[in-house]
Amino acid sequence: MPILLWDKPVIAGTHLVFSAFEASQFIAEHGAHRTDLHRAVADNCIQMALDGRASPDEARELFEAAL
């Protein structure tokens, strides 16, 4: 599975997130305790993007909104 980098990274606190794969790791490490709807929707879309069932750009937008 190739890792598709986003055109523009997302600033997540002190981290720069460059792909859906990194976003998935960031959520697992820093947001696993959060259970709000925005995080759940973003996490679902990120997983779908990793599987090729959603756009990486959509995953980026939802990840950024969840932050």
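**Strand pairing and helix packing in the predicted model**

Leu 5 has Ser 19 of strand β2 as its bridge partner. The model is a predicted one, in which local features need pLDDT of at least 70 and side-chain atom pairs count only at pLDDT 80 or more, while totals for chains, interfaces and linings use all residues. Residues are numbered from 1 along each chain as its sequence is written, and side-chain values use heavy atoms, with hydrogens and water left out.

Strands β1 (residues 5–12) and β2 (residues 15–19) run antiparallel and are joined by four bridges; pairing of two strands requires at least two bridges found by DSSP. Strands (E, at least two residues) and helices (H or I, at least four) are DSSP runs numbered from the N terminus. Val 10 stands opposite Val 17 in β2. The two strands, β1 and β2, form a hairpin with two residues between them, and Gly 13 in the turn has a positive phi of about 65°.

Helix α1 (residues 20–30) packs on helix α2 (residues 37–50) at an angle of about 140°, with the axes 9 Å apart. Axes are lines fitted to C-alpha atoms, for helices over the stretch in contact, and angles run from 0 to 180 degrees between N-to-C directions. The angle makes α1 oblique to α2; angles under 35 degrees count as roughly parallel, over 145 as roughly antiparallel, 65 to 115 as roughly perpendicular and the rest as oblique. The contact (heavy atoms within 4.5 Å) involves Ala 20, Phe 21, Ala 23, Ser 24 and Ile 27 of α1, together with Arg 39, Asp 43, Ile 46, Gln 47, Ala 49 and Leu 50 of α2.

The axes of α2 and α3 come within 8 Å and cross at roughly 155°, which makes α2 roughly antiparallel to α3. On the α2 side, His 38, Arg 39, Val 41, Ala 42, Cys 45, Ile 46 and Ala 49 meet Pro 56, Glu 58, Ala 59, Leu 62, Phe 63 and Ala 66 of α3.

Two aromatic pairs are counted, with rings of Phe, Tyr and Trp (its six-membered ring) pairing if their centres lie within 6.5 Å; planes under 30 degrees apart count as stacked, over 60 as edge-to-face and the rest as tilted. Trp 6 and Phe 63 form a tilted pair, 6.2 Å centre to centre with 40° between the planes. This pair links distant parts of the chain, with Trp 6 in β1 and Phe 63 in helix α3 (residues 56–66), 57 residues apart.
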